Amino acid sequence: MQIWLDGISFVMFIGGGAFVLIGGVGVLRMPDLYTRMHAASLTDTMGTLLILGGVIVQAGFSLAAIKLVAIALFLLVTGPTATYALANAALLSGVRPDAQTLDGESAS
Amino acid sequence: MELLGLFNYWVFAVLLMVGFYAVIAKPNMVKKLLGLSIFQAAVFLLYITMDKVEGGTAPIIQAGMVDQVFSNPLPQVLILTAIVVGISTTALGLAIVVRIFEAYGTIEEDETQRLDLEE
Amino acid sequence: MYYVVSLAILLTMILALVRALLGPSVYDRVLAVNLFGTKTVLLVSVVAFLYGRPDFLDLALAYALINFIGVLAVLNFFQNSERNMAKGPAENRKEAG
Amino acid sequence: MTVLFGIFLLTLLVIVAIGVVRAENLFVAVMLTGIFSLLMAANFFILDAADVALTEAAIGAGISTVLLLGALALTPGQERRLRGGRWLALGVVTLTTLSVLYATFDKPRLGDPEAPVHQHVAPWYLEKTPELVGIPNVVTAVLGTFRGYDTFGEVIVVLTAGIGVLFLLGLPGVVGERKREDLESGRTYLGHHLIPQVVGHLLIPFILLFALYVQFHGEYGPGGGFQAGAIFAAGFILYALIAGEREALAIVSPRLLVTLMASGALLYGGLGVLCMLLGGSFLDYSVLASDPVAGQQWGIIIIELGVGVSVAGVLLAIYHAFAARGH
């Protein structure tokens, strides 16, 4: 039984780690602010869910698991809000998407 | 590997002096305050580094912990309160900077000194 | 196995830090701070289990709850301060050009 | 492996600190300070200081960015470019760094159980806390009873700093000529942003609940009055951001804020005097109940409450002082 749980959380950790890392690379490499924001949201949703899910599997039914679920829920709610606030502030002050991004070409 | 045990202290020394540099070299007062808070953080790091015991855990004694080594609670108590005091005093400094800006129209130290001399 | 995932999170922290130091616009830095915040939550959750002290998840919970207040304050800051709004596009033109 | 974690995070810490000092745009410097605080909290956590990490989290995430932005809104956001290098300052700093680095070679290695710091009072605290105070968290026990004088002093310092800020910047309705009604109601801050409104209103109860948990769970896990006060203040700052300054001051009026600031410290000091009246010495809680251990526990709960009320009041009053000045 334990080996199955370990296996499940290991797969989730690998998946979550991969998502987080890809999102991080995207934040560094994407050409303009809005595409970078898009990459960051990847780590906020799939990365967070998979990593916290893997930890929850390890925690079993305990107080820690409840706290982890709460952390996941709060991150899922606050992440998009922060992205919204950031995009709004950027748009208000006149940051426009990179013209080359609109053509579908990479600027860097 | 033995020398890596001193790495925290090296970081403490570098951080301390990065903060100190901002305080003595930058004329901008907000930057001085940020430097002061880096300086402060370096001291926090020094204290918390000293509390660590090999194989220890945070000093919260729970049932069933036999022969458990705990980290030193005393530096933690001192730094815990110092963090809150630190933000309050930083806020006090920022309030003074705001008032200086309202009185002089600048927050650069050399310019306020020049304005003082002109009077 | 905790080490694998912590390594991924730490590498992402470096990437976010590089973005925060490079900029170029101020919003890129805010984005990097926000990314760094969520990565800290994940790192603390994982490390709490690595150390076998899951009762220390309170730290991660605190960050999950109040980290976004800073970003809302940024939105508020740019909305209210005309002076900074005038400065914002100037710095962003650098990026486009 | 843990050592490598630490080295990694500390290296990032140094890079960020240099970034803060080099940034010419102060807004950028403030954002980098946010990252600095996150790294600092992660370091404290790895160094087994859960209480300190929680304090840094509550202050760094919720309060310090907001306060610095509040100050930046009232001052120029750009640092003047310096002409010429600062060779004298750089020389002084380099020399001092080298001498401090030289001094570190006499320090005991990280985690050395034989280090002098672990020999003196700490073993006594760890050994006697279950017997004399009877609570699991030794940090709270040392903070509340063994070093209660220190903590009282710190609360007074926080209170004094808060009073100083209020006198410098004014708080509508309490200090200065302006009344609360003078604040423009039209400028509800994020009033027309639907998503932050909904999410903020959803989260505020949870933040306050979590603050209560941290306040009253401090004897059993990481937590206590200082952290809880900061989280409380963060919750109310969130309300002020989404509902506007005027509405927030209508919920927690400036007069109430000042009362909270003072009454927390007064509760702490008053308890000390009460102990004296009951025949003990100042802040000796053993006399509060017939059983000395129960008395100690009552004392800790009450003074932690005083600390929490005072810290929350001071931090919130400081925020409002900066925000109302911007109107």
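**Figure 1. Chains A and B of this predicted model do not touch.** No contact joins chain A and chain B, and their closest C-alpha atoms are 15 Å apart. For a view of chain B with a partner, turn to chain D: of the 5 pairs of chains that touch, chains B and D have the most contacts.

Figure 2. The size of an interface is often given as the accessible area lost when the parts come together. On the chain B side, 75 residues are in contact with 92 residues of chain D. Within chain B, the residues that lose the most area to chain D are B:Lys52, B:Leu80 and B:Ile87, which together make up 8% of what that side buries.

**Figure 3. Salt bridges and polar contacts also link chains B and D.** There are 4 salt bridges between chain B and chain D. One of them pairs the side chains of D:Glu79 and B:Lys26, with 4.0 Å from N to O. Polar contacts join 20 residue pairs between chain B and chain D, counting pairs with both residues at pLDDT 80 or more. On chain B, helix 1 (7-25), helix 2 (29-51), helix 3 (73-104) and helix 4 (109-118) each bring at least two residues to the side that touches chain D. Helix 3 of chain B gives the largest share of that side, with 24 residues.

**Figure 4. A nonpolar patch lies on the surface of chain D.** Have a look at D:Leu202, D:Phe206, D:Leu209, D:Leu212, D:Phe216, D:Leu267, D:Trp298, D:Ile301 and D:Leu305, which together have about 840 Å² of accessible area. Helix 8 (194-216) and helix 12 (292-325) of chain D each supply at least two residues of the patch. The most comes from helix 8 of chain D, with 5 residues.

**Figure 5. Helix 8 of chain D holds both D:Leu209 and D:Ile207.** D:Ile207 counts as buried because its relative accessible area is 0%, under the 20% cut-off. Leaving aside neighbours within four places in sequence, D:Ile207 is in contact with C:Leu65, C:Ile66 and C:Ile69 of chain C, and with D:Ile231, D:Gly235 and D:Leu238 of chain D. D:Ala234 is 27 residues from D:Ile207 in sequence, and their C-alpha atoms are 8.1 Å apart in space.

Notes:
Residues are numbered from 1 along each chain as its sequence is written. Chains are lettered from A and ligands numbered from 1 in the order in which they are written. This is a predicted model: local features need pLDDT of at least 70, side-chain atom pairs count only at pLDDT 80 or more; totals for chains, interfaces and linings use all residues. Side-chain values use heavy atoms; hydrogens and water are left out. Patches are made of residues with over 30% relative accessible area and no salt bridge: like charges are joined within 9 Å, nonpolar side chains (Val, Leu, Ile, Met, Phe, Trp, Tyr) within 5 Å. Accessible areas come from the Shrake-Rupley method with a 1.4 Å probe; for residues, only the protein chains shown count as cover. Helices (H or I, at least four residues) and strands (E, at least two) are DSSP runs, numbered from the N terminus. Contact means heavy atoms within 4.5 Å. Buried area is the accessible area (1.4 Å probe) that two parts lose on being put together, summed over both. A polar contact is a pair of N or O atoms within 3.5 Å; within protein, one must be able to donate a hydrogen and the other to accept it, and residues adjacent in sequence count only if both atoms are side-chain atoms. Buried means under 20% relative accessible area, exposed over 50%, partly exposed in between (1.4 Å probe, protein chains only).
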